[in-house]
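Let's take a friendly tour of a protein model, one region at a time. Keep the picture open as you read.

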Amino acid sequence: MATSGSVPTTPLLKDELDIVIPTIRNLDFLEMWRPFFQPYHLIIVQDGDPTRTINVPEGFDYELYNRNDINRILGPKASCISFKDSACRCFGYMVSKKKYIYTIDDDCFVAKDPSGKQINALEQHIKNLLCPSTPFFFNTLYDPYREGADFVRGYPFSLREGAKTAVSHGLWLNIPDYDAPTQMVKPLERNSRYVDAVMTVPKGTLFPMCGMNLAFDRELIGPAMYFGLMGDGQPIGRYDDMWAGWCMKVICDHLGLGVKTGLPYIWHSKASNPFVNLKKEYKGIFWQEEIIPFFQASTLSKEHDTVQKCYNELAKQVKEKLGGLDPYFVKLADAMVTWIEAWDELNPTASASTETAATNGPAKK
Amino acid sequence: MSVQIEDSEVDIVIAALHPNLTPFLEAWRPFFSRFHIIVVKDPELDSDLQIAPGFDLKIYTKSDIEAVAKSSSINFSGHSCRYFGYLVSRKKYVISIDQDSLPAKDPSGLVTDAVAQHITNLATPATPFFFNTLYDPFRSGADFVRGYPFSMRCGVPCVLSCGLWLNVADYDALTQSVKPNERNTRYVDAVMTVPVGAMMPASGINIAFDRLALGPALLPGVHFTGEGKRRWETLEDIWSGLCAKVVSDHLGFGVKTGLPYVHREGDGTKPHGSLNKESEKVKLLDDALPFFQSVKISRNATSAVDCVAELSGMVREKLGAVSPVFASAANAMDEWVNLWKSVGAQAE
């Protein structure tokens, strides 16, 4: 059971966590986050026109990659990284050398809790990742490791140690993450409900993973966090994080890892254009009806005992089972394999080839 | 796909484990007074009940239980007496709240109507096939999030609504011994569907359900020798909830958890004296867990009664040898099905 006692301080993990931010415009939003983000190293992935200079506020420690850097570092494998879509952020996950990643969109600001206090979203994500998850049995008082809570009567004792947490999925106040049709029907709806809970998404359950306010343990699940082929030259957009979330969840379920959702909240300030969104999502809305049953039925076997093996197997299944839905999925499956190859090249393990990984892009300070 | 639930379709079932029901009923009067109430007196309680006037209320006592279930081996004493209320109710929906639980206040200080919230939970669809990260999409101010499959947005009928407790949370005896002073002060403003296939402890302290759809699955299966009247001494609701979730999942229905809260006083006693009894219970759920995680009900079972009849056989076969508690549970489940049918409990 969770222990009582004084509330421990959450470690900063400033040398173990990178903040990955995709951007095409500017990073002014970082000013508001400065008190919380300044101790950390930022990896900025610049999408769009690489000749444009992205202004990073003074005082942040960062490395910045534009499309030219991505092409240079990955060579032909750069084809797996989306262009003109925030999905390019996953390049940042690949080049990071840290254990944890926090990724946030550049239109997300510091939110306030109901008492008016500013929310340190990063601290909450760290708490979520450092505490076990409970995927095998639902605790009705939500996170049993939170101060003031515990496992409820009837929760099996053998499950109270929980599982390692691989992903922490945060939420958004103000502009909610709705799809285009819902945005069009409810253009004025704002999320003002602060739900004071963190919970584990049960094993076997899929959910829509939003990349706006997301943290994960790169060592546990990093290779599964590929954000797919979106944007320029691709038939869909706004399904990057969804795709990563479904692959990730199937793999986490298989490997016995946990995924949390709930706190922390950030303040999402910008509603994207619903007409533009509808064009991007259009095919996805129909394809999803096939994609979800595919993931729900997907199985992995005992031989798939690493994230990379699981992911390559998933890629095979995507090609086999979804390839008929649209040629896009054949391309996507190939890109998934390329992603893993690139990941392994940039992140060699001790037992892998002694060839060193390609160097990071120079930090442009 | 939301339904309209009339007051006349609801029974409030209260298990009277202590004789003075007046403070409880008075506290709940603004929220209970519109409804028919069934009070089931614990057959082991000798004193007469004190009941506040002005309610549309029917009391069932030991003699009623014996008249209906005399030849049954089901133990209707203590917290299990409420199941008799489920058996004799002729309403579609039942709401059941423990006698030590009063209306709760939300963070703004407003007294909340747990009855109305349970009714809302049962009236609006559940979404068990995909987790919505903004929780109940049918609540005002919320919706399905991007990435939620459109074909699943109709949802399915919600047949079980599990509420929560502020103040004295529903902890087992061991946890309470370690944290005797912990109080639940966190009001989590959410209702959510427990996904299909996920197991959960369905505490009976604050619960509501569709009796016609799920009733037979809410059953008095587990009763320990020497079991007392305190919640941390029982697992009847936990067993019942595990069965009910399996049945609900099989029948394609949904189960919600979250709001409403009740303010639970508890009975002020500490569990230290009972810890030696805990060793039996501590292992029980762990022994039953693999069974509930893998159990499959056949396609032939298309009603809750059918499902329970099948489940009891599987409990006997797979768990009967593990502990006599499970063997008794299987018998109790069979008898419950027979009782349910013989008293015409499926009627409205």
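An α-helix has 3.6 residues a turn, so residues three or four places apart point the same way.

## A buried threonine in a loop

Stay in chain A and look for A:Thr134, in the loop that links H4 to strand E6 (165-174). Is A:Thr134 buried or exposed? Its relative accessible area is 7%, and since buried means under 20%, A:Thr134 counts as buried.

Setting aside neighbours within four places in sequence, A:Thr134 touches A:Pro144, A:Tyr145, A:Phe151, A:Tyr155 and A:Thr200.

Now move to chain B, where helix H7 (residues 236-251) packs with helix H9 (residues 304-319). The angle between them is about 125 degrees, and their axes are 10 Å apart. That angle makes H7(B) oblique to H9(B). The crossing of H7(B) past H9(B) is right-handed.

Which residues meet here? From H7(B) come B:Trp239, B:Cys243, B:Val247, B:His250 and B:Leu251. On the H9(B) side they meet B:Ala304, B:Cys307, B:Val308, B:Leu311, B:Val315 and B:Leu319. Sorted by class, this contact has ten nonpolar residues, one polar residue and no charged ones.

## A partly exposed aspartate

Helix H10 of chain B, residues 324-342, holds B:Asp334. With a relative accessible area of 25%, B:Asp334 is partly exposed.

Which residues does B:Asp334 contact, leaving aside its neighbours within four places in sequence? The answer is B:Ala309, B:Ser312 and B:Arg316.

## How confident is the prediction?

The mean pLDDT of chain A is 92, and 93% of its residues reach 70 or more. Over residues 1-5 of chain A, though, the pLDDT is below 50, and beyond near neighbours in sequence this stretch has 16 contacts in the model. Residues 351-365 of chain A also have pLDDT below 50, with 25 contacts in the model beyond near neighbours in sequence.

Definitions and conventions. Residues are numbered from 1 along each chain as its sequence is written. Chains are lettered from A and ligands numbered from 1 in the order in which they are written. This is a predicted model: local features need pLDDT of at least 70, side-chain atom pairs count only at pLDDT 80 or more; totals for chains, interfaces and linings use all residues. Side-chain values use heavy atoms; hydrogens and water are left out. pLDDT is the predictor's confidence in each residue, from 0 to 100. Contact means heavy atoms within 4.5 Å. Axes are lines fitted to C-alpha atoms, for helices over the stretch in contact, and angles run from 0 to 180 degrees between N-to-C directions. Helices (H or I, at least four residues) and strands (E, at least two) are DSSP runs, numbered from the N terminus. Angles under 35 degrees count as roughly parallel, over 145 as roughly antiparallel, 65 to 115 as roughly perpendicular and the rest as oblique. A crossing is left-handed if the near helix is turned anticlockwise from the far one by less than a right angle, and right-handed if clockwise. Ala, Val, Leu, Ile, Met, Phe, Trp, Tyr, Cys and Pro count as nonpolar, Asp, Glu, Lys and Arg as charged, and the others, Gly among them, as polar. Buried means under 20% relative accessible area, exposed over 50%, partly exposed in between (1.4 Å probe, protein chains only).
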